Amino acid sequence: MATSNYPMKWDLETFYEGGSGSAAFASELAGIEKDVAELDRLLSDSSLGTKKKVEDTTAILQSVLIRLRQSESFVECLQAQNMKDSAASGLSDRVKTISAKLLGALTRYDNELRQIGDEEWAAISSDGSLGEVAFSLSERRELAKEKLAPELEALAGDLAVDGYHGWGALYDLIVSRAKFTDIGENGEEKILSAGQMFNRLSDGDRSVRIRAFAEWEREWGDAAELCADALNRLAGFRLKLYGKRGWDSVLKEPLQINRMSEATFNAMWSAINEGKPKLVRYLERKAKLLGLEKLDWHDVSAPLGSSARTISFDEGAKFIVEQFRKFSPDMADFSEVAFRDAWIEAEDRAGKRPGGFCTSFPKSRQTRIFMTYSGTADNVSTLAHELGHAYHQYVMDDLPALSQEYAMNVAETASTFAELIVSDSAMKSAVDREEKLGLLEDKIQNAVAFFMNIHARVLFETRFYEERKQGIVPVEKLNSLMEEAQREAFSGALGELHPHFWASKLHFYITSVPFYNFPYTFGYLFSAGIYARALQEGPAFAERYVQLLRDTGRMTVEDLAKKHLGVNLEEADFWREAVELTTKDIDLFLELTE
């Protein structure tokens with residue numbers, strides 16, 4: 001790929017000079033540890049009045065949260081850019097240990113809130129600095145009533161560092177050791193990382209995809225026993241903890257974290273299932289266009305026709321900024337800064353971890369984006385997606401730390417909304433039929449991912465947890481559960497499936513958030529509904545969108561939708577309308593490919 005005017009490697013030195021050997025970062029961590037100890041001391045001080053204690057401890061807590069989030073992001077970036085950075089792995093352990101200490105202090109903090117009477121709480125939480133974070137504090141107070149005694153929750157958090165989180169770290173090690181052999185056009189063999197190999201799975205040449213997928217399945221098959229052990233232990237820890245708390249549903253915690261009711265969850269999937277027959281028609285038409293009887297797993301995201309062209313990083317960046325500007329000059333200007341000031345790690349090189357993410361450095365009021373850019377249309381979508389996350393954080397930078405604690409489902413709303421702006425604008429401005437078709441297909445690909453691929457993950461994970469209650473689930477059973485989930489989620493539209501998907505997908509091993517799947521689908525559909533509103537209202541909606549984003553850390557998703565969109569998320573109507581937007585895209589696709 002041609003050299004880029006925009007830097008393709010990010011700058012982490014601006015935060016803490018010296019990378020994983022940074023003295024400044026070591027000092028930052030020591031400062032956080034000191035403040036966590038001070039938080040503990042204040043919580044045990046019985047001489048402080050109730051209001052004074054809550055104010056003082058909340059002030060320290062918010063200061064710690066900002067710096068700890070920044071520290072977690074720094075370590076995540078170090079590990080992602082070089083999976084063999086053992087010093088970064090050591091720092092990751094230290095940060096997790098500090099997080100566990102904070103969790104211990106937080107359980108005592110939450111218990112303090114829980115013990116305040118309702119009338120006294122109403123008076124305290126409506127006043128001054130506490131009034132600004134009343135939603136978060138009241139939420140913590142109510143959740144504390146459903147958990148174990150504070151000393152037991154603190155113990156569970158301490159044991160989780162080397163137990164629960166340790167299994168997640170083991171999975172990262174497995175991924176870093178994965179080696180994939182790629183055979184080039186001249187027959188030359190090349191060893192690729194997981195991130196590089198993953199891009200081969202959507203290559204425009206089917207023979208490349210077939211070879212890549214066979215190699216992908218082989219390597220994950222070789223690693224399957226280790227992955228299965230990690231997955232079983234993670235699930236076992238969660239189930240044991242849930243059981244001790246008296247929680248009978250594995251969805252209870254993820255729904256709580258996402259501030260979302262089970263009625264909303266069910267209404268969303270109900271509307272999606274109603275819309276699936278149209279998606280099946282798309283998959284059948286795509287198979288026909290590729291000269292296949294049925295699509296195999298590795299054909300689903302394969303490009304059609306001219307959409308396989310290579311897009312330089314500069315070209316992709318310029319395109320994204322132009323489309324953002326049509327919606328919001330502020331969003332476009334912000335993205336310019338991200339490209340210009342080296343906020344993005346996009347270089348295609350060995351040693352990087354697979355996938356993409358955006359992470360916040362709230363103390364410095366910056367963000368960083370990670371991906372491996374190889375010039376595909378999908379890469380451009382990923383870039384727009386991650387910039388949507390970055391903009392979300394940017395408009396919240398001046399809020400109190402507790403009000404910045406928004407959940408994953410609304411985080412995915414902001415990112416997917418940004419992606420929609422880019423893909424829709426590009427499609428509408430395309431004059432060439434082939435180009436229009438390629439861009440339209442990229443949009444529909446998102447619907448396939450969120451309605452089918454992610455549905456397969458939800459089905460697999462819920463069924464796996466049921467099996468895990470009976471004991472360890474072996475590799476063969478994990479493979480069969482995954483194939484069964486893929487058949488059901490894709491309505492039988494696929495030929496060859498991906499049995500080791502559970503081993504290859506990082507999302508199943510993330511320990512910070514359980515069920516790292518359905519929030520993506522929520523974000524996609526919620527953003528589609530917001531986008532429809534943006535099209536109706538025009539430029540005036542940009543400021544209303546910012547206000548919606550600023551509320552994401554201080555209300556439930558049901559209240560957020562009611563306040564800013566006037567809709568009820570617990571009924572299927574809103575979700576049906578959002579699904580309808582993608583079915584219109586499919587109708588156009590079917591018409592263009594008749």
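**Pocket lining and helix packing**

Mentor: The lining of the second largest pocket has 8 nonpolar, 7 polar and 6 charged residues, where Ala, Val, Leu, Ile, Met, Phe, Trp, Tyr, Cys and Pro count as nonpolar, Asp, Glu, Lys and Arg as charged, and the others, Gly among them, as polar. The model is predicted, with local features needing pLDDT of at least 70 and side-chain atom pairs pLDDT 80 or more, while totals for chains, interfaces and linings use all residues. Residues are numbered from 1 along each chain as its sequence is written, and side-chain values use heavy atoms, leaving out hydrogens and water.

Trainee: Which residues lie nearest the centre of the second largest pocket?

Mentor: Arg309, Ile311, Phe319, Ala426 and Leu439, out of 21 lining residues. Helices α13 (313-327), α15 (377-396), α16 (408-429) and α17 (433-468) each supply at least two lining residues.

Trainee: Why are α13 and α16 called roughly perpendicular?

Mentor: Their axes cross at roughly 100° and come within 9 Å. Angles of 65 to 115 degrees count as roughly perpendicular, and α13 and α16 are therefore placed in that class. Phe319, Ile320, Gln323, Phe324, Lys326 and Phe327 of α13 meet Phe417, Ala418, Ile421, Val422, Ser425 and Ala426 of α16, contact being heavy atoms within 4.5 Å. This α13–α16 contact comprises 9 nonpolar, 2 polar and 1 charged residues.

Trainee: What makes α3 and α7 roughly antiparallel?

Mentor: Helix α3 (residues 86-114) packs against helix α7 (residues 150-162) at about 165°, with axes 9 Å apart. Angles over 145 degrees count as roughly antiparallel, and α3 and α7 therefore qualify.

How values were computed. Axes fitted to C-alpha atoms, helices over the stretch in contact; angles between N-to-C directions. Helix = DSSP H or I, 4+ residues; strand = E, 2+ residues; numbered from the N terminus. Parallel < 35°, antiparallel > 145°, perpendicular 65-115°, else oblique. 1 Å grid on protein atoms, 1.4 Å probe; cavity = no way out; pocket = protein on both sides within 12 Å on 5 of 7 lines; lining within 4 Å.
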